[in-house]
Amino acid sequence: MITRAAKPAAIPSGTSPPRAHPPDDEDPLVDEARDALGSYCFTACKASCCRSGQLPLRTPVEVAVVAGGRRAALLRSSRLVKNPDGTSTLSLEQPCPRLGADFRCAVYAARPAVCREYPLFVFGARIVVAPACPGAAAGLLDAHLARLREKGYTII
Ligand code: SF4
Ligand code: SF4
């Protein structure tokens, strides 16, 4: 993330697409594209996706990873909301509790699925690029996205 090792991730407000398949089923080229963001994430961008929007959390384990011992407090403050479908959503109006001062993720190895996928979300043969990602907007993914197009993916 910055190497992706410090990476972040939250989906821009109002966007929390379901995933077509988990990262370990993904085409390795997709993850290579994510890795192309490199240190841009914690240097230039300063992990904006961990500091804005909404973080969709699919399971209680993901909630526990992100909230840690602050789960009850986050629920009381309404920063963390339980959804009717059993998932939860954390508001990132304040930075994610796991984002360090160096803009790296303190729970990188266990981070939620959406954090692993951001800013590329795969739906079969379609790949959605998060429009709020400055690294993508700056063209850092372009060469990789071109390779994915050549391979038959539609990039949105
Ligand atoms: S868990 Fe880590 S990667 Fe995900 S939003 Fe929080 S700091 Fe960012
Ligand atoms: S918004 Fe994009 S460039 Fe910024 S930290 Fe997240 S993935 Fe990296």
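**Overall layout**

I began with the secondary structure: the protein chain has six helices and six strands. Reading along the sequence, I wrote down the pattern α-β-α-α-β-β-α-β-β-α-α-β.

A note on the source: this is a predicted model, where local features need pLDDT of at least 70 and side-chain atom pairs count only at pLDDT 80 or more, while totals for chains, interfaces and linings use all residues. Residues are numbered from 1 along each chain as its sequence is written, and chains are lettered from A and ligands numbered from 1 in the order in which they are written.

Next I checked burial, and 36% of the 156 residues of the protein chain count as buried. For this I call a residue buried if 20 or more other C-beta atoms lie within 10 Å of its own, exposed if 12 or fewer, and partly exposed in between, with C-beta atoms placed from the backbone.

I also looked at contacts, meaning two residues whose C-beta atoms, placed from the backbone, lie within 7 Å. Among contacts in the protein chain with a separation of 6 or more, 79% come from residues 24 or more positions apart.

**The sheet**

I traced an open sheet of three strands in the order β1-β3-β2, with antiparallel pairing; strands pair if DSSP finds at least two bridges between them. At the edges are β1 (54-57) and β2 (80-82), each of which pairs on one side only. On average, neighbouring strands of this sheet are turned by 20° against each other, direction ignored.

Helix α2 (residues 60-67) packs on this sheet and touches β1, β2 and β3. Its direction makes about 135° with that of β1; axes here are lines fitted to C-alpha atoms, for helices over the stretch in contact, and angles run from 0 to 180 degrees between N-to-C directions.

I then counted the bridges between the antiparallel strands β2 and β3, and there are three. Lys-82 has Ser-88 in β3 as its bridge partner.

**Around ligand 2**

Which residues come nearest to ligand 2? I found Cys-41, Cys-45, Cys-49, Cys-133 and Gly-135, out of 14 residues around the ligand; a residue is near if its C-beta atom, placed from the backbone, lies within 6 Å. The shell has twelve nonpolar, two polar and no charged residues. My classes: Ala, Val, Leu, Ile, Met, Phe, Trp, Tyr, Cys and Pro are nonpolar, Asp, Glu, Lys and Arg charged, and the others, Gly among them, polar.

**Pro-112**

I stopped at Pro-112, in the loop between β3 (88-91) and α4 (113-117). Pro-112 counts as buried because it has 24 C-beta neighbours inside 10 Å. Leaving aside neighbours within four places in sequence, Pro-112 is in contact with Leu-57, Glu-62, Val-65 and Val-66. Its C-alpha atom is 8.6 Å from that of Pro-56, 56 residues away along the chain.

Most residues other than glycine have a negative phi, and most peptide bonds are trans. I noted a cis peptide bond between Tyr-118 and Pro-119, with omega about 5°. Pro-119 sits in the loop between α4 and β4 (120-123).

Lys-46 has a positive phi, near 55°, in the loop between α1 (28-35) and β1. Is Phe-103 buried or exposed? Phe-103 is buried, because 21 other C-beta atoms lie within 10 Å, and its phi is positive at about 65°.

Methods
Helix = DSSP H or I, 4+ residues; strand = E, 2+ residues; numbered from the N terminus.
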